[in-house]
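Here are my notes for your review. Please read them alongside the coordinates.

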Amino acid sequence: QIQLPADLTKMHLTDNPHPQVTHVPSSQSGCSIASDSGSSSLSDIYQATESEMGDVDLTGLPEAPVDSEDEEEEEDEDIDRTSDPLLGRDVVRECLEKEPADKTDDDIEQLLEFMHQLPAFANMTMSVRRELCSVMIFEVVEQAGAIILEDGQELDSWYVILNGTVEITYPDGKSESLCMGNSFGITPSLDKQYMNGVVRTKVDDCQFVCIAQQDYWRILNHVEKNTHKVEEEGEIVMVKEHRELDRSGTRKGHIVIKATPERLIMHLIEEHSIVDPTYIEDFLLTYRTFLTSPLEVGNKLLEWFTVDSLRDKVTRVVLLWVNNHFNDFEGDPAMTRFLEEFEKNLEDTKMKGHLRLLNIACAAKAKWRQITLQKPSRDSPLFFSLLGGSDKGFGIFVETVEIGSKAAEAGLKRGDQV
């Protein structure tokens with residue numbers, strides 16, 4: 001197993017394939033991008049307002065598919081079909097029992113889906129796991145107490161436990177137990193290696209996958225050669241892997257597989273490789289797993305908006321964020337304030353086309369809410385102001401809400417249409 005440097009332990013793994021790359025099987029995807037609400041796409045909005053937006057370049061603003069009720073029902077059925085662990089294990093075992101040369105692409109995808117859950121494969125990229133799945137051999141030891149490796153025996157494979165428990169007894173008398181997902185055996189080197197201790201099964205029906213030393217070294221060594229590490233002040237802050245998406249060599253480049261949270265945020269406004277076209281969408285879907293607050297991203301975006309060369313990139317990130325994850329703003333007062341400040345920045349910089357697109361996206365994604373605001377007396381102030389009406393030719397909207405007031409506590413927000 002490749003041991004990552006200590007300063008990589010804080011990094012967030014972002015290795016996942018992209019839905020737009022049509023020849024990559026969909027089963028590779030670790031997650032699907034789903035919009036929170038609404039059904040209009042940014043490209044539709046852009047086309048509808050193109051004539052009024054002047055020279056705004058917003059091409060390539062995709063929106064993730066929207067989950068309809070029918071699709072949710074279909075997904076529930078899929079979950080029902082795959083949630084039976086026995087059925088899943090039968091399929092995996094059938095794939096495992098085939099010789100490596102007989103494994104089809106579908107077999108490898110089934111194995112990949114199963115193996116990526118195991119700790120032994122946790123720090124490996126998708127491409128490495130796939131290659132390992134294509135060469136692994138399945139072994140079963142039926143009886144407890146069977147010796148798998150003797151002390152001092154020459155090693156020729158890397159083992160991962162799929163079922164059961166093994167015990168390693170070391171020459172000094174100490175022992176440890178390894179269970180499902182743990183690994184033992186050789187390290188990724190072609191040097192001769194020998195077992196330190198005795199490995200024996202503790203229970204009946206222990207199952208393993210084995211990968212020959214030559215294959216294990218070749219696959220992991222190849223990845224080391226294809227990775228590029230970005231250092232700042234002596235610490236590794238990002239790791240990229242070189243990928244080729246077709247045999248012609250025209251679609252190749254580096255994809256981010258690990259980085260510190262700060263570096264992942266910064267990469268939002270950097271140039272993205274042709275093999276990493278959905279980095280922004282992937283980040284917006286997964287940032288909740290490694291950031292404590294979305295404002296960490298929001299504050300950086302506001303800061304970068306002041307830089308002329310970054311303004312269009314920042315705006316694209318915010319538009320994608322609003323369009324695909326509007327709940328991040330609607331359910332968080334601090335993020336609502338961020339959106340209002342960003343809107344004001346668009347007004348101040350006269351980015352009218354982008355501003356209109358933002359307003360349309362917000363309107364399309366907003367949900368109906370019922371708010372009850374109680375007044376102590378008829379003469380008490382409302383703490384909010386309205387704009388519009390039939391005499392203005394458009395609907396009635398909330399223009400301002402006093403911060404910290406009863407109206408704000410009740411959930412009334414600027415831009416709400418009454």
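Which residues have the most contacts inside the largest nonpolar core?

1. The model is predicted. Its largest nonpolar core has 43 residues. Those with the most contacts inside it are Leu96, Met115, Phe121, Leu132, Trp158 and Phe184.

2. Take leucine 132. Beyond its neighbours within four places in sequence, leucine 132 is in contact with Phe121, Met124, Trp158, Ile211, Tyr216, Ile219 and Leu220.

3. Another core lies apart from the largest one. This other core has 42 residues, among them Phe305, Leu339, Leu355 and Cys362.

4. Now the sheet. Four strands form an open sheet, in the order S2-S9-S4-S7, with antiparallel pairing. Strands S2 (137-141) and S7 (183-185) stand at the edges; each has a single partner strand, so one side of each is left without a neighbour in the sheet. Neighbouring strands are turned by 30° against each other on average, direction ignored.

5. S2 runs antiparallel to S9 (residues 206-212), and five bridges join the two. Glutamate 139 stands opposite phenylalanine 208 in S9.

6. Helix H12 covers residues 333-348, 16 residues in total. From first C-alpha to last it reaches 23 Å, close to the expected 22 Å. Its buried residues include Phe338, Leu339, Phe342 and Leu346, but also Thr336, Glu343 and Asn345. Helices H9 (295-305), H10 (311-324), H11 (327-330) and H13 (352-365) are among what covers the buried residues of H12.

7. Check both ends of H12. At its start, a side-chain oxygen of aspartate 332 reaches to within 3.0 Å of the backbone nitrogen of alanine 334. Just after H12, lysine 350 takes a positive phi of about 55°.

How values were computed
Residues are numbered from 1 along each chain as its sequence is written. This is a predicted model: local features need pLDDT of at least 70, side-chain atom pairs count only at pLDDT 80 or more; totals for chains, interfaces and linings use all residues. Side-chain values use heavy atoms; hydrogens and water are left out. Two strands pair if DSSP finds at least two bridges between them. Axes are lines fitted to C-alpha atoms, for helices over the stretch in contact, and angles run from 0 to 180 degrees between N-to-C directions. A nonpolar core is a set of buried Ala, Val, Leu, Ile, Met, Phe, Trp, Tyr and Cys residues joined through side-chain atoms within 4.5 Å. Buried means under 20% relative accessible area, exposed over 50%, partly exposed in between (1.4 Å probe, protein chains only). Contact means heavy atoms within 4.5 Å. The expected span of a helix is 1.5 Å times one less than its number of residues. A polar contact is a pair of N or O atoms within 3.5 Å; within protein, one must be able to donate a hydrogen and the other to accept it, and residues adjacent in sequence count only if both atoms are side-chain atoms.
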